Amino acid sequence: MEQIINWLANILSNASWWGLPVEPAASVIVWAVYGFILALVVAPMAMIVLTWLERKIIARIQDRIGPNRAGPFGIMQAMADAIKMLTKEDITPLGADRIPFNIGPGLAAVASILIFAVLPVAPGLIGTDLSIGIFYVVAVGAFSILGILMSGWSSNNKYALLGAFRAVSQLVSYEVPMVIALITVAVVAGSMSTLTITENQTLASGGWYIFAMPLTFLIFFLASVAEVGRSPFDLLEADSEIVAGFHVEYSGLKFGLFMISEYVHALAVAALSATLFLGGWNGPGVAQAVAASPFWGGVLGFVYYLLKMGIFIFIMMWFRGTLPRFRIDQLLDFGWKLLTPLSLVNLLVMAFIVRLFQPGNVSMGAEIPAGPLASWGGIGQTITMLVASVLLVFLTTLVVRAFARRSRARGFRAIAAIEN
Amino acid sequence: MTAIEIPALNFAALLPLFIVVGTGLLVVVLDLFIADKKSLGWLSLFGVILAAIVGNMQQGGAGFDPAFQNVSLLDGYANFFNIIFLSTAALSILVALGYLGRVGLHRGEYYALLLFATSGMMAMGMATDLMVVFIGLETMSIALYVMSALNRHSRPSGEAGIKYFLMGSFASAFLLYGMALTYGATGSTNFSDIGSVLTAGTVAPMAMLGLGLLLVGFAFKVAAVPFQWWTPDVYHGAPTAVTTFMSVGAKAAGFATLMRLLMVSFPAFAVDWQLAIAVLAVLTMTLGNVAALAQKDVKRMLAYSSIAHAGYILVGVAAATTEGIKSVLFYLLIYAFMNIGAFAVVGVLEQKEAIGTKLTEYAGLARKNPWLAMVMALFLFSLTGFPPLAGFWGKLYIFRAAVNADLTWLAVVAVINSGVAAFYYLSVIVQMYMKPAADDAPEILPSTPATRIALAVAGLAVVLIGILPASLVDMVAKGVFG
Amino acid sequence: MEIYLFFLFGGIAVVGALAMVFNKNAVHSALFLLLTLVMIAGLYVLLNAQFIAVAQIMVYAGAIVVLILFVVMLLGAELGESIPRWLTLRNSVMVLLALVFLTVSGTAVYDWLYSTQPITGTVTDEVIARQGSVQLVGESLFTQFLLPFELASILLLVGIIGVVVLGGWRLVQHRQRGE
């Protein structure tokens, strides 16, 4: 039974942080309920704040002011929108398949919220530290595809169905490079636990992974943005082509759930990127602060974490403000023909470097010899990986350029053939 | 970070398997660059022959230790089955070289799939662990599903593919359930460990149930009645080159695993499974032969005949003695040559769109193409069991094994069945030699050298084994395990 | 508590499986299949096999059921042929046989559980806590079951080639015509 408490109930609770003197059994339930309510409250709040932020940022990019009437900086505009969404009529189309139609949005929203269960947001504050943390993230993310597919189909609308098809082909394709990038991180960190990965990114053990593995980060981030379905990968909504895609028939609160799903998922991707590549809550002074006072050290770590998340959130909004949308065939080509092979090569190279730097140890009665470069330490490993990544990027550019030239030449020849 | 120590591996014991797989991979890659698909066929043939030579050179050498943590074993038994699989593959490649080009299906992937299917069969023959059995079986089956549906424009071929796929998946589910129950009852997937647990302990009904489900699964794979429904449609619908390969290879692989599993893991239940197999054998022989009598299409008739032959082989399995194993090995090798030969002739006579496989279209073949008619007659006589051809000795050993194992009634049923079978085999010969050709009969397209080699090899084997069975008996004697 | 969870997950799995079989709408069937598989993942968690549980969810929810749904929706095959009558002789015989099989297998498993000593493996809670379930799975894949693991790669390759052979037919024809 312990493992169930640890694994399911403990997901949203951890009493050790404030050092509260509570019975273990009671703490599990109390904190589970607290965590549950917290997640349910934070998710819509995050959505509201992020929509406002997005409108402001995109307005600036497009040389506008953005919402500015309701409240200071127009911040109440988002609240007003939320109230509008809540009070709108909840429509279920006549031809819709009611049960999947109603489950779909909830599934999508829950899938996004569940990702946060394994993210260490501050020293000592984590839903639950699973030994299979990042694997769990991928598995839970799968449910959002399902939610989209269910709602797209059950709406009984051709645009919705088209959106659902696009969603599936896109999400399934981009899951592959994303998972391989995650595996690369797991190989370098030697663990799939998000907590261990965060703790491994101290300066002593080689610093943040973004310095060691910029290419892995790039693959992961692009694939994740595609996974969320945000611009420039927003083909599943593509309002200029298929109206609004899978959620065209939704209104009121259920539409709101899709908005929550999208923004919370974006937030989760930002948080995951911060955890895996920017060292999570690591930062100057955190260790000392935690040693002095766990609470204030936690707050400091949390602030660092929020800042790092903010960077990625901003980048995603920046994408949306600047980049045009992909075409579906370009999108799939990019995923399968560039990101997937590149991520595989990258995994091989990184795994090889990790072996070179592996310290010798004895495990399960077998002596594992140290890698030839083990004496260089974590910094050496980081530098080697950085160099390897840059080389890989350079080679990829060469290959892609050669392909582009050839296809362009083929195009010219075809045109010439037509003209003759 | 914990590290894993990879144990010492005996790669040499699996060398033939690796050669076949490696050739397959090479074919996949070369297929991208080579437009002449025939050369890929010859390359595959080379790989198969190389694997056979290497496997034989290893005999008596250091290859006999259990390899890879005791999950596979290249003993004499496995090696003999490797010879069966590899000769099947080699002859099928030769048949395909002639056939595929003629019906417009020549694709490089065909040879790769054939080689991978062969590697799956070899893994099954060498397996001493249920895990390897299942993976090998699926590798073989999936390749065969695709090969059956190779001719996507023809409805029968598509039907064959989907039918084989659905039925095969169903059978795999039974097999897997049986494996799971067996593992649950004994705590091991290793053949000999299962055997020792079952012999030592009380008879667990769960293990018995596992055995029953395993039997159902294998009965599906070897097309034994009452699990044969897919066979005629699949063998008839699939391109003839594919039928040639799978009617022998898949069957032999199923028997290879089945016999080792029954003899090594389930000797504790010998009484039960012996009876079950005997009943299966009777049903399979009888239904196969009776249904074949009614067929108007030679390819379909041969499909039913191959069901009947599975029945004869089951008689040998039911004997459950060393002699029984020997007779099955002996029979399977002979069956490989004569069945491939017969299907190869069908392939030569077949035009596009399944024209040329009807019984009446064989009329007057002796006049039009005496050589072809002669080899066909040879294979059919051998399938009937006429002395002094190879098929006769095969049947004789099987029946003798059954009699010596106190299964005289089973042997009697088998003999009666052989008599029935003579009717439909001979009716083809009657058509070829005694009926004039119809006026509008299509021209027989000339066979390619590859097909001629295949026919010559198979025909020589049938005759030589018939005249000199003793040499093969010696070889078979080495192919018995334990 | 554990036993209640077992019956909760197991019960929902069985109900989901039945609903999958008897549902006339293929999409609903696929969704019930997913429900069953997720509940089975719950059973894996009860057995301490967290890695297998998450892999199950990832593979089925993330790929297989999604692809099944995709194909069903793409072909518009949600509503298959309607079955005029359920209560035919053939169906009753099949149900009867299924019940017989269920009884036999149920009795056999029950008998094994309560009469003979169950065989316990070496992987206990304590070992999992010490080594982690991922490490244990990886270790047995790379030691005891290395050969099946490697052969599985051939199996997957065969699957991929098969798809290309059957699906890439048009492309090949184009190429043969020199386009």
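Biologist: What percentage of the 482 residues in chain B is buried?

Modeller: This is a predicted model, in which local features need pLDDT of at least 70 and side-chain atom pairs count only at pLDDT 80 or more, while totals for chains, interfaces and linings use all residues. Residues are numbered from 1 along each chain as its sequence is written, and chains are lettered from A and ligands numbered from 1 in the order in which they are written. A residue is buried if 20 or more other C-beta atoms, placed from the backbone, lie within 10 Å of its own. For chain B the buried share is 62%.

Biologist: How do helix H12 and helix H17 of chain B pack, roughly parallel or roughly antiparallel?

Modeller: Helix H12 (residues 298-319) and helix H17 (residues 408-434) of chain B have axes 11 Å apart and an angle of about 160°; axes are lines fitted to C-alpha atoms over the stretch in contact, and angles run from 0 to 180 degrees between N-to-C directions. Angles over 145 degrees count as roughly antiparallel. H12(B) is therefore, relative to H17(B), roughly antiparallel.

Biologist: Which helix gives the largest share of the side of chain B that touches chain C?

Modeller: Here 35 residues of chain B are in contact with 33 residues of chain C, contact meaning C-beta atoms, placed from the backbone, within 7 Å. Helices H1, H4, H5 and H8 of chain B each give two or more residues to that side, helices being DSSP runs (H or I, at least four residues) numbered from the N terminus. The largest share, nine residues, comes from H5(B).

Methods: Two residues are in contact if their C-beta atoms, placed from the backbone, lie within 7 Å. A residue is buried if 20 or more other C-beta atoms lie within 10 Å of its own, exposed if 12 or fewer, and partly exposed in between; C-beta atoms are placed from the backbone. Angles under 35 degrees count as roughly parallel, over 145 as roughly antiparallel, 65 to 115 as roughly perpendicular and the rest as oblique.
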